[in-house]
Every structure is written in structure tokens, then in C-alpha cells.
Amino acid sequence: MKTESPKHRGLWTTRLGFILAASGSAVGLGNIWKFPYIAGQNGGGAFVLVYLVCIFVVGLPIMLSEFVVGRNTQQSPVGAFQTLSPKTPWVGIGFIGVLAGFLILSFYGVVGGWTLAYIVKSISGSVDHFGSPKEAGDFFGQFIGHTWEIVFFHALFMVLCVLIVIKGVHGGIERACDVLMPTLVVILLVLMIRSLTLDGAMEGVRFYLYPDFSKLNPQVILIALGQAFFSLSLGMGCMITYGSYLSEKENLASSTIYVVIFDTLIALLMGMVIFPAVFAMNLEPTEGPSLVFIVLPAVFSQMPFGTLVSIIFFTLLAIAALTSGISLLEVVVAYFIDQRGWTRKQAVLIACTVIFLFGVPSGLSFGALGDFKIFGMTFFDNVDNITSNYLLPIGGMLTAIFVGWIWGPKAAKQEIEQNGVRFGWVGPWSFLVKYVTPVAVGFVFLAKFFK
Ligand code: PHE
């Protein structure tokens with residue numbers, strides 16, 4: 001890839017490569033680390049149900065919209081909206097995306113660092129023989145309070161992102177995803193079986209699958225919606241950017257469905273790993289960001305080949321986090337390359353350094369800066385909250401309005417049907433992007449602010 005003008009962008013080499021890369025972006029810490037802990041904090045079953053509705057009613061149509069905009073314009077978000085609607089404020093959606101990518105990666109890298117640290121700790125045998133879940137909790141608590149260790153692994157994660165993104169789209173991103181995604185599914189299945197066969201596991205299954213609607217309120221619904229965006233990598237132009245590296249032969253609609261289903265399966269599977277174990281071990285489902293890092297080592301401690309399983313699991317988790325991290329970085333980097341004329345190397349190095357520095361206070365939010373609160377939340381929680389619960393839903397809603405009303409479903413349909421692909425779902429899809437998605441997201445915001 002010599003230049004990255006629209007005509008010479010790196011294209012995914014195979015269809016499966018694209019689906020895996022997009023799934024690589026979608027599947028990550030959002031599914032494996034975040035989904036279980038926020039489902040636990042927000043009441044279990046009812047949250048899961050609302051989440052699924054958000055995924056299929058709001059997320060799926062928006063993902064298709066993003067792919068279409070990306071492939072049609074062959075540009076990253078800012079350029080894409082400029083091309084489709086020159087000299088209008090719609091370009092703002094692109095900037096929301098670049099900002100969101102920057103902010104999300106700043107705390108995402110921190111958690112990515114935790115996973116790297118846990119690979120090392122698994123290899124050295126320190127996270128798979130806890131006598132009790134409490135020990136696992138204390139161990140993790142000590143670890144995340146440890147300034148230099150946290151900063152070191154956070155930096156390491158960012159360096160790995162740099163190394164992949166510097167190589168460009170198919171050189172780095174696509175290849176990394178090919179083998180890893182399928183392996184991840186296998187290991188999750190093994191863990192699920194272990195978890196479900198612990199004594200007392202059924203209570204966790206009940207918590208997870210039985211919806212208790214008294215636990216729902218506007219805030220819970222907003223969080224479910226935000227999580228749907230976060231998990232599917234939507235609302236910030238990430239899928240526009242990935243779509244822009246796509247050739248005309250691909251069937252965008254079916255690719256969307258694969259990615260959405262795969263992402264959702266991984267999250268649901270992860271819930272089945274975590275909640276049975278949480279209840280079997282008398283832990284609290286409301287534990288928060290540390291949940292997975294406490295529950296899993298406790299599970300590893302109770303299974304044959306625990307060390308090995310733990311090494312494999314954290315390695316896969318780190319890789320899943322990396323394939324998402326690089327997609328976040330790619331949005332920021334593509335902006336500087338496409339719009340500002342920077343070289344890829346310059347863009348990657350500068351963006352990554354600044355993002356890392358901004359992420360340091362998030363990394364210290366569980367230790368040195370634990371008492372530093374803004375709006376009653378740590379730095380880490382604030383950045384997470386602003387991006388997941390505001391920037392992404394707003395970006396997604398605006399994208400839907402743009403595609404539904406400004407650019408128009410007709411133009412989108414034409415793009416989807418390039419090269420003889422048939423898209424029979426234009427009717428329902430345009431109904432969703434024109435009416436349902438904007439109204440649903442708008443309604444959730446109103447309900448939250450005027451409750
Ligand atoms: N979807 C990723 C995950 O679930 C996170 C992400 C969000 C990636 C937004 C890109 C854009 O881990």
C-alpha cells in the first residue's frame with residue numbers, strides 16, 4: 001500500500017477476511033469484560049433482554065448504514081460525510097467518531113493492559129490456585145492499585161496496537177483476526193461447561209436468563225443501548241472506516257448479519273460463563289469492572305489444567321482486545337491520513353502517544369487516583385460513561401437520520417445492490433433507520449433526563 005488516496009486504499013483480500021476483521025472490531029473487551037459486569041450491575045435477565053432488543057432493532061440497521069456509507073465513499077468518517085453532503089454540519093458525525101475513538105481507546109488500552117498482565121501472571125502460575133474467590137479478589141485489587149505495573153502494561157498494549165496499525169489494513173488487521181476468533185469460541189465453550197457444572201450454578205443461570213422487569217428504569221435502558229453500540233463498534237464511524245476498505249463484490253447485508261450474530265453470541269456465551277460461577281462461589285454480580293478478573297481466576301483454580309486454560313484464555317482475550325483496539329485507533333489515524341495528509345507512520349505514532357497519555361488517569365483510577373471523582377465518578381468511569389452512553393448513541397442516531405433522511409435509502413440500496421447483489425429488506429431496513437432508531441434513541445435520552 002503506497003498511497004492511501006481513495007483509489008488506492010488497502011482492500012480486504014477475502015470476504016471472510018472482512019467479516020472476521022469487522023467481527024474482530026466488534027468482539028472484544030465489550031463482550032467479554034464489560035457485558036457481564038454491566039449485566040450484573042443492572043439486574044441480569046431484564047437487562048439482557050433489553051440489550052438484545054437494542055442490538056437487533058437499533059444496532060443491526062445502523063451497522064448496515066455504516067458499512068454502506070463507508071464503501072460508497074471509500075473514505076473514513078469525516079471525509080465520508082463531507083462527500084455525501086458537502087459543506088453541511090453532517091460532517092460533525094465524523095468528528096464525533098474521531099473524538100469517541102480517541103476517548104474509548106484511552107481507557108480501553110488500560111483494560112487491555114490488565115489482560116496482558118494476566119497472561120504474564122498466568123504463566124508465572126500466580127492466578128490459578130486461589131484458595132477462595134476472596135483471595136482472587138484481593139489479588140486483583142492489589143494489582144490494579146499498583147501504579148507502575150498498570151502504566152507499564154497499558155503502554156505495552158498501546159505499543160502492540162501501533163505495531164499492527166502501522167502495517168495498514170490487510171497487512172496487519174486482517175491477518176490477525178483470521179485464526180483467533182474461532183479459537184476464542186472454543187475456549188469459551190469449555191469454560192461455560194466448567195462453570196455450569198459447579199455446585200449452585202443454576203441460581204446464576206436464573207439470574208442471567210429470568211427477566212425481572214421491576215429492575216428496569218430509563219438509566220438501565222440507556223446503559224443497555226450504550227452497551228449495544230459499544231459492543232458492535234457503532235456510532236463512531238468505525239464500521240464506516242472498515243467498510244471503506246471493502247470492495248464492491250461483498251454482500252453488505254449478509255456480512256452485517258454475520259457480524260451482529262457472532263458478536264451477540266460471544267457476549268451471551270460469556271454471560272453463561274460468568275454468572276453460574278458468580279453464584280456458585282457466592283460472589284456479588286454487582287462487583288463492577290473487576291468482575292471477570294476475579295471470577296475467572298477463581299474458576300481456573302477449580303479446574304484441571306487451570307494454568308494452561310488461564311494462559312490460553314487471557315491470551316485470546318488480549319488478542320480480542322487488540323483487534324478492537326486497532327479498529328479504534330484506525331478511525332483516529334484514518335482521519336489524519338485522509339484529511340490532514342499525514343503519513344500513516346506519523347499519524348499512528350502521534351495519535352497513539354497522545355491517547356496513551358490521556359489514558360493514564362483512567363489507569364490510575366483504581367489506585368492512586370481512586371478518590372479523584374468528577375460527577376461522583378472516577379476518571380475511568382467518566383470517560384466510559386461519556387463515550388458509551390452519550391457519544392456512541394448520539395453518533396449512531398445521527399448516522400441513522402443521515403442515511404434515512406438526507407442521503408436516502410434509495411441511494412443506499414443502489415450501493416448495497418452493486419454487482420447484482422439482491423437486497424430484499426430495503427423496506428424494513430429503511431423503516432428502522434428512518435423512524436425506529438432515531439425515535440428509540442431520542443426517547444431513551446428524554447426518558448432519562450425528564451424522569
Ligand atoms: N466493540 C469493541 C468491544 O466490544 C469496542 C469498540 C467500540 C471498538 C467502538 C470499536 C469501536 O470490545
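## Ile-261 and its helix

Ile-261 counts as partly exposed because its relative accessibility is 40%; this class lies between buried (under 20% relative accessible area) and exposed (over 50%), with a 1.4 Å probe and protein chains only. Ile-261 is found in helix H12, where helices are DSSP runs of H or I with at least four residues, strands are runs of E with at least two, and both are numbered from the N terminus.

The model is predicted: local features need pLDDT of at least 70, side-chain atom pairs count only at pLDDT 80 or more, and totals for chains, interfaces and linings use all residues. Residues are numbered from 1 along each chain as its sequence is written, and side-chain values use heavy atoms, with hydrogens and water left out.

## The nonpolar surface patch

Together with Phe-56, Ile-257 and Leu-265, Ile-261 forms a nonpolar patch on the surface, with about 350 Å² of accessible area in total. Areas come from the Shrake-Rupley method with a 1.4 Å probe, and for residues only the protein chains shown count as cover. Helix H12 (residues 252–280) supplies the largest share of the patch, three residues.

## The chain as a whole

The chain holds 18 helices and zero strands. Of its 451 residues, 61% count as buried. The accessible surface comes to about 17000 Å², of which 68% belongs to carbon and sulfur atoms.

Terms used: Patch = residues over 30% accessible without salt bridge, like charges linked within 9 Å, V, L, I, M, F, W, Y side chains within 5 Å. Salt bridge = Lys/Arg side-chain N within 4 Å of Asp/Glu carboxyl O.
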